[in-house]
Amino acid sequence: MGSWLQAKEKVTQLQLYVQDILSGPNPSNVQVASANSTFTSPTLFGLVAVLDDPVRIEPNPDAEIVGRAQGLFAFASLEEISLHFTFDLVFTGGEYNGSVLNIVGHNPYLHEYRELSVVGGTGFFQLARGIIGVRTVSFNSSTGDAFFQYNITVLHY
């Protein structure tokens, strides 16, 4: 049995910044599939992409990287630009190195504030559940590059 059975539940709050890079020679967000109608759809319905975005401590391309946001998303609405996300926050440095938070959720991209669900975790975040408040900090309309602020509240053992 896991040691978490005897452990007390903890609450951890983090503020991190996910850097989404679409431009340049090494994009961190790449389209892998689309429907025949995707590029005639005003919401890009049917586009599927994978991501391996750097997770930083500040919204600055030179800030320390503490992890990666790795997974996939799909434009999943005919009504608005809205994405379905399934990805992991994989911590590669700092206090949580080697730990993972599993994220799933509905992301209405043009809304100022969105929420994603933390549905699991490993390492420091065993049996995690929680919420991530997401805000777009910066968006370059010519390149598509962006920074997103993640305010994470997670319950775990």
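Leu44 sits in the loop between S2 and S3, where S stands for a strand (a DSSP run of E with at least two residues, numbered from the N terminus). The phi of Leu44 is near 60°, a positive value in a residue other than glycine. Why does that deserve a look? Most residues other than glycine have a negative phi. Leu44 counts as partly exposed, at 29% relative accessibility. On that scale, buried means under 20% relative accessible area, exposed means over 50%, and partly exposed lies in between, using a 1.4 Å probe and protein chains only. Leu127 also has a positive phi, of about 55°. You'll find Leu127 in the loop between S7 and S8, partly exposed with a relative accessible area of 42%.

Before we go on, keep in mind that this is a predicted model, where local features need pLDDT of at least 70, side-chain atom pairs count only at pLDDT 80 or more, and totals for chains, interfaces and linings use all residues. Residues are numbered from 1 along each chain as its sequence is written, and side-chain values use heavy atoms, leaving out hydrogens and water.

Now let's head inside. In soluble globular proteins, nonpolar side chains tend to be buried together. Here, the largest nonpolar core has 30 residues. A core of this kind is a set of buried Ala, Val, Leu, Ile, Met, Phe, Trp, Tyr and Cys residues joined through side-chain atoms within 4.5 Å. The elements giving two or more residues to this core include strand S1 (10-20), strand S5 (82-91) and strand S9 (146-156). Leu89, Leu101, Ile132, Tyr150 and Ile152 have the most contacts inside the core. Contact here means heavy atoms within 4.5 Å.Next comes Asn102 in strand S6, which is partly exposed with a relative accessible area of 24%. Leaving aside neighbours within four places in sequence, Asn102 is in contact with Phe87, Asp88, Ser117, Val118, Val119, Gly120 and Gly121. With Asp88, the side chain of Asn102 makes a polar contact of 2.8 Å. That term covers a pair of N or O atoms within 3.5 Å; within protein, one must be able to donate a hydrogen and the other to accept it, and residues adjacent in sequence count only if both atoms are side-chain atoms.

What about charges? Side chains of opposite charge can pair when their charged atoms come close. A search of the whole structure finds three salt bridges, each a side-chain nitrogen of Lys or Arg within 4 Å of a carboxyl oxygen of Asp or Glu. One joins the side chains of Glu9 and Arg129 (2.5 Å, N to O). Glu9 lies in the segment before S1 and Arg129 in strand S8, so this pair ties together parts that are 120 residues apart in sequence. Another salt bridge brings Arg68 and Asp52 together at 3.0 Å, N to O. This pair links strand S4, which holds Arg68, to strand S3, which holds Asp52, 16 residues apart. Glu112 and Arg135 also meet in a salt bridge (3.6 Å, N to O). Glu112 is exposed at 64% relative accessibility, while Arg135 is partly exposed at 33%.

Finally, look at the surface. Val30, Val32, Val50 and Leu72 form a nonpolar patch there, with about 300 Å² of accessible area together. Nonpolar patches are made of Val, Leu, Ile, Met, Phe, Trp or Tyr residues with over 30% relative accessible area and no salt bridge, their side chains joined within 5 Å. Val32, in strand S2 (residues 29-33), is exposed, with a relative accessible area of 52%.

Key:
Patches are made of residues with over 30% relative accessible area and no salt bridge: like charges are joined within 9 Å, nonpolar side chains (Val, Leu, Ile, Met, Phe, Trp, Tyr) within 5 Å. Accessible areas come from the Shrake-Rupley method with a 1.4 Å probe; for residues, only the protein chains shown count as cover. Helices (H or I, at least four residues) and strands (E, at least two) are DSSP runs, numbered from the N terminus.
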